[in-house]
Structure formats: C-alpha cells, structure tokens
Amino acid sequence: MFRRIYGTYPEGIWAAPGRVNLIGEHTDYNDGFALPIAIPQHTLVAARRRQDGRLRLHSAQGDGPVADLDLARLTPGVVTTWAAYPAGVVWALLEAGHRIGGADLHIDSTVPTGAGLSSSAALECAVAFAYNDLYGLGLSPPALALLAQRAENGFAGVPCGAMDQLASACCTDGAALHLDLRAGAHEQVPFAPQTQGMSLLVVDTRVKHDLGDGAYAALRSGCEQAARELGLTALRDLTPADLPRAVKTLPAHLVPLVRHVVTENGRVAKAVSHLRAGHVAALGPILTEGHASLRDDFRISCAESDLVVDTALAHGALGARMTGGGFGGSVVVLAEEGRVEAVRLAVTTAFRAAGYQEPGLFPVSPAAGARRIM
Ligand code: GLA
C-alpha cells in the first residue's frame, strides 16, 4: 500500500497496540495507579523520511486522499480529522525542540475506533516510535508515551491522562503494566490467564464513546477541584481513612468522585498483589467492584455496559467491568475457559432482546507494546 500511494518503499514499519485497562480507571490524571494490558489489536505505520518539511498521511481505514501538511505551520486547531493524532505527535516533537523533518506515513489499524480501546494512543505511539527511529532521537518508550499524550492534550484537544499512551508504549507480552502515574514508574506484573484455564473477553457495546465531548473534561476538573478544596496536590494523596473528612468538607456532588478515586487506587493495589501471588481468579470480584464504583459513584457507565456486566456475571463470569473512559465503549470480562461460550451467547441474546446493536466480542491476551517490526 505504501508503495502504491507514495511510489517508493518505506524505510520501516512500526506497530503499537490498543489497550484494555484491567483496573485503575480515572486515576491517571489524579496521580494514581492503573493496571492496563496491551491487546493484540494494533496500529501499523509504514514511514519514510522527507527532506522538504512536509508530512503526508494516508490511512487504510479512511477512503480520503493523502493529507499533506507543512511542518512549519503545524499549530493546534488546524487539523481536525483523525490526522490530528499523527500530526500532533510531530508537533509535540518539534515543540520539545527535537530536530526532525517531514515524512510520508501510511497507517493501517486493527484497533476498533470509539470502542474505548485506545485506538488514538496506538496511532500516536506508532508514529512516535517511527519518528524516534527514523530521526535517531534516542527517546525511551515512557518519554515517547508522554510526547504522545502531549499531542493528544495540546494538539487534538483531549485532556486525557497518560495511561493509554504508557500502556501502548511500555506493555510487554504476558504481563500487565502496574503504573504509578505520580512517580512516572511502571513495573511488569506477570499475567497469563490462559495458563490457569481462564480467558479475558472484550465486549464492544458499539456505543461510541468520545472523550472530546466535554464530559471527560468535566470529571477531570471535578477531581482537581476536590483536591484543591482538600488542600492536596492530587486525589492520590487521600487514603480511605481520610474519606469521612472529605465527605464533611466537600460539596456533595464531588464526594462520589473522590470516593471512586480513593477506592479504585485501593483496588489496583489489591489486584497487583493477587496477580503477584498467581491468583488470577481473585481479580474477578475486583473488576466487578470497580464497575459498580464507575456506575454508581463516577456515573459513567451506560445501560449497554451494565447489561454486559450483569449478563456475564449471571452466566458464570468471574468478574466484569467497563474499561476505558466510559460513556459506552467496551466491557472486559474474566471467565473460566469453559464459561466463555455461554457468556458470549448470553450477551448476544440479551442485546438482541433489548433491541441494542449486535455487540463485538473477542478474546484478548496480554500482548507486546510498541515496536519496530520491519
Ligand atoms: C481515557 C483516557 C485515560 C484515562 C481513562 C480512564 O482512556 O484517555 O487517560 O483517564 O480514560 O481511566
């Protein structure tokens, strides 16, 4: 495809995966903890340097023409389509003072868009890794992830935290990534459910979630306001023992937000210690508790996601929760291998009975992070 579009061969091909967050939702921008895995679905970028300061972009998913941008004129707001993600990465690199030139990029992806599986982070990271190698920048995977987040915040206008980009850049095969967003630290926690006869199933509810529509920003600023009113740098600094004081001090509408963040950080710690002890099944109830917290306290679930969770649990799943930013997107289900077919069938049947769109169901296992593949 690259050759057909640009008339020459690429210098290389890079891949970056989407992610499923196991637990630790809406904690990243509160300086907290998260535990994502990379999924096998990924974005590929074939790339070749250009000497004339132009960035040309083409996607196998869009049927549009090649976008042709001038590096010297990349400013936030000028690109409003999907091209804002790759262009934003180049903008972030320039803004950070890196000496880079133009490129021709052809992009192809198997990460479903709008499904809460971080297709935008996959795209950003694939481009960041390609530029890093092509222009010999020598940046580490976490540094590239933070540049990708900068692209999304500053260029694409989405005020996300860094979890998705760190997951796409730093995950490894057969492990979950334990992130401490304040320390900027991460560690790999071995996680191979299939070796214990278990499976992770992703259910895409087909309810398109969009983090740019204001609801995500409102939650983030609610959390930041709560931290300020409590005299803290971030909600990370609050422990469960501090909750009664928070309840007394804060305006009522901020209390559930705070309760979610505090309990969710606790769930990440619990999940990590179970995985370290090899108790994969013990993750199930933690997922389900996390869902209840997002549904009842953070209030970002939806009827379709709740139906998946309830149906999966009623048919023997060990645990289930919405994953990602919320307002639709995907649900992750942990189930014993022998239960997966029953869960699959029950969810599909329940969606049909409710008159919802046919959901997308597929198994995932912890996959590798971003890398050069050719
Ligand atoms: C989206 C954002 C992340 C994170 C999650 C919620 O995926 O991009 O930064 O905040 O929502 O955990």
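**Notes on the predicted model**

1. Strand pairing around β7. This is a predicted model. In β8, the residue that forms the bridge partner of L177 is Q188. The strands concerned, β7 and β8 (residues 185–190), pair in the antiparallel sense over 6 bridges. The hairpin of β7 and β8 has 4 residues between the strands, and in this hairpin G184 takes a positive phi near 65°.

2. The other partner of β7. Strand β2 (residues 33–34) also pairs with β7 in the antiparallel sense, over 2 bridges. Here A34 has L179 of β7 as its bridge partner.

3. The largest nonpolar core. This core contains 51 residues, and those with the most contacts inside it are V45, L55, L74, L105 and Y131. Helix α3 (residues 119–134) supplies the largest share of the core, namely 9 residues. A second, separate core has 28 residues, among them V20, L117, V202 and V268.

4. Surroundings of Y131. Which residues does Y131 touch, not counting those up to four places away in sequence? They are L55, V90, L93, I100, G101, G102, A103, G136 and L137. One of these, L55, is itself listed with Y131 among the residues with the most contacts inside the largest core.

5. Position of R54. This residue belongs to strand β4 (residues 54–59). With a relative accessible area of 28%, R54 is partly exposed. Leaving aside neighbours within four places in sequence, R54 is in contact with D68, L69, D70, L71, G102 and A103. R54 and A103 are 49 residues apart in sequence, yet their C-alpha atoms are 6.5 Å apart in space. A103 is also touched by Y131.

6. The ligand site. The ligand is surrounded by 13 residues, of which E25, H26, D28, D164 and Y216 are the closest. An N or O atom in the side chain of E25 is 2.7 Å from an oxygen atom of the ligand. For H26, a backbone N or O atom lies 2.6 Å from a ligand oxygen atom. A backbone N or O atom of G325 lies 3.4 Å from an oxygen atom of the ligand. On its own the ligand has 310 Å² of accessible area, and the protein covers 98% of this.

7. Backbone at R206. Although R206 is not a glycine, it has a positive phi of about 70°. R206 is placed in the loop between β9 (198–204) and α6 (215–229). Its relative accessible area is 37%, so R206 is partly exposed.

8. Is R299 buried or exposed? At 67% relative accessibility, R299 counts as exposed, because the cut-off for that class is over 50%. R299 lies in the loop between α9 (283–298) and α10 (303–314). R299 is not a glycine, but has a positive phi of about 60°.

Notes:
Residues numbered from 1 in each chain as written. Predicted model: local features only at pLDDT ≥ 70, side-chain atom pairs only at ≥ 80, totals over all residues. Heavy atoms only, no water. Core = buried A, V, L, I, M, F, W, Y, C linked by side-chain atoms within 4.5 Å. Buried < 20%, exposed > 50% of the residue type's maximum accessible area, 1.4 Å probe, protein only. Contact = heavy atoms within 4.5 Å. Pairing = 2+ DSSP bridges. Near = heavy atom within 4 Å. Polar contact = N/O pair within 3.5 Å; in protein donor to acceptor, adjacent residues only side chain to side chain. Areas by Shrake-Rupley, 256 points an atom, 1.4 Å probe, with all protein chains shown as cover.
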